[in-house]
Amino acid sequence: MPRPIVATVDVLALQHNLAELRRRAGTARVWAVVKANAYGHGIERVWPALRAADGLACLDLAEARLLRELGWRGPLLLLEGVFEPRDLELCSTLQLWHVVHHAAQLDWLAAHKTQQPHHVYLKLNSGMNRLGFHAAELRAAWARLQAMPQVDGVTLMTHFANADQPNGIAQPLRLWQQATEGLQAPVCLANSAATLGHTQATAADWVRPGIALYGAAPDAPLHRASDWGLQPTMTLASQIIATQSLQPGDQVGYGGTYTAHTPTTMGVVACGYADGYPRHAPNGTPVLVQGVRCPLIGRVSMDMLAVDLAPALAQNPSIGVGAEVVLWGRSPSGAELPIDEVAQAAQTIAYELMCALAPRVRVIVKPQETT
């Protein structure tokens, strides 16, 4: 039989999350962000569940080409735009919308010969200081795009650096309003955090949620995903493959980072950092054993980790080899372990855990058919 670790992608949860985000977005149209292989879920697995989105937003031409080959015929947006002039040919062929965030992209577009004018997203740097034109540069870039025969539509956009904080968009929103005053164009402002937490950002033409689609809270630990009405879309589960009886003073794993203080029954789980589980998850990080929370003990190794089975054994003394272990997500019993909680324990974020899922982990989709 195959190694028992498996990731399950729940497309009904994905559909639910998209519907919830659309509800919160009001009249704004919704880009479903599928970059990073749909946040580790697999573009080919999730795109049918996202058909209700108004558009799909990805990172590069390979993702865009895959989505067209899979059958998506709606709008497709390249979130970082093109990386060299010849990319514009594929934008024409694949009918892609693309972000323009620096002067070289303006030059490439002005020199591009196309029979099909492009729709571009003109990006303002409102304080993130990664991509985008500064406020003093935006109007010149706007005017230049308006004069290009290669362009048939411009949408204005920005990205908030602190939308996961209660008052995190106030200052960049003021900068946005000053920089774009009088410019008549569609607007796209809100990522997941802004879509959920800042109604002023959803008073726009488009929103572009990412992580929230996949059942994690963009403002964790301030909120849980369930606080926003979101459901987990990825469950990582395995089994206990061995047990050990520890005596006081016994240590566990590389480096002996855990020492038993009382007689302890330990379960060894077929999951390690080579599967994408965080190596730096500390003692006490929760897992679910047959739906019961149990603490991780000892250092996570390449292929295995260990848990203290005492809480699960207190409810079911027969638990042993073969018992189900949920590393994050939802157990068959209905018990949930939010991926945000595991990420917080490991001092990282749910985004990283999802995207780190290793190729060797078998992935299944449930249900097989979407409605």
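This is a predicted model: local features need pLDDT of at least 70, side-chain atom pairs count only at pLDDT 80 or more; totals for chains, interfaces and linings use all residues.
Colleague: How many helices and strands does the protein have, and what does its C-alpha trace span?

Modeller: There are 13 helices and 19 strands; these are DSSP runs numbered from the N terminus, helices being H or I of at least four residues and strands E of at least two. The C-alpha trace spans about 75 × 40 × 35 Å along its principal axes. Of the 371 residues, 53% count as buried, where buried means under 20% relative accessible area, exposed over 50%, and partly exposed in between (1.4 Å probe, protein chains only).

Colleague: Which parts of the chain does the salt bridge between D275 and R360 tie together?

Modeller: The closest N and O atoms of D275 and R360 are 2.7 Å apart. D275 lies in the loop between β13 (264–269) and β14 (286–289), and R360 in the loop between α13 (350–355) and β19 (362–366), so the pair ties together parts that are 85 residues apart in sequence. D275 is buried, at 0% relative accessibility, while R360 is partly exposed at 42%. Through shared partners, salt bridges join R3, D275, D303 and R360 into one network.

Colleague: Where do E341 and R224 lie?

Modeller: E341 and R224 form a salt bridge at 3.5 Å, N to O. E341 belongs to helix α12 (residues 339–345) and R224 to the loop between β9 (206–207) and β10 (234–246), so this pair links parts that are 117 residues apart in sequence. Both residues are partly exposed, E341 at 21% and R224 at 44%.

Colleague: How is helix packing described, and what is the angle between α4 and α5?

Modeller: Two packed helices are described by the angle between their axes and the distance between the axes. Axes are lines fitted to C-alpha atoms, for helices over the stretch in contact, and angles run from 0 to 180 degrees between N-to-C directions. Helix α4 (residues 61–70) and helix α5 (residues 87–94) pack at about 20 degrees, with axes 11 Å apart. They are therefore roughly parallel, a class for angles under 35 degrees.

Colleague: Which residues of α4 and α5 meet?

Modeller: L61, A64, R65 and R68 in α4 meet D87, L90 and L94 in α5, contact meaning heavy atoms within 4.5 Å. The residues of this contact divide into 4 nonpolar, no polar and 3 charged; Ala, Val, Leu, Ile, Met, Phe, Trp, Tyr, Cys and Pro count as nonpolar, Asp, Glu, Lys and Arg as charged, and the others, Gly among them, as polar.

Colleague: Is L90 buried or partly exposed?

Modeller: L90 is partly exposed, at 25% relative accessibility.

Note on methods: Residues are numbered from 1 along each chain as its sequence is written. Side-chain values use heavy atoms; hydrogens and water are left out. A salt bridge is a side-chain nitrogen of Lys or Arg within 4 Å of a carboxyl oxygen of Asp or Glu. Angles under 35 degrees count as roughly parallel, over 145 as roughly antiparallel, 65 to 115 as roughly perpendicular and the rest as oblique.
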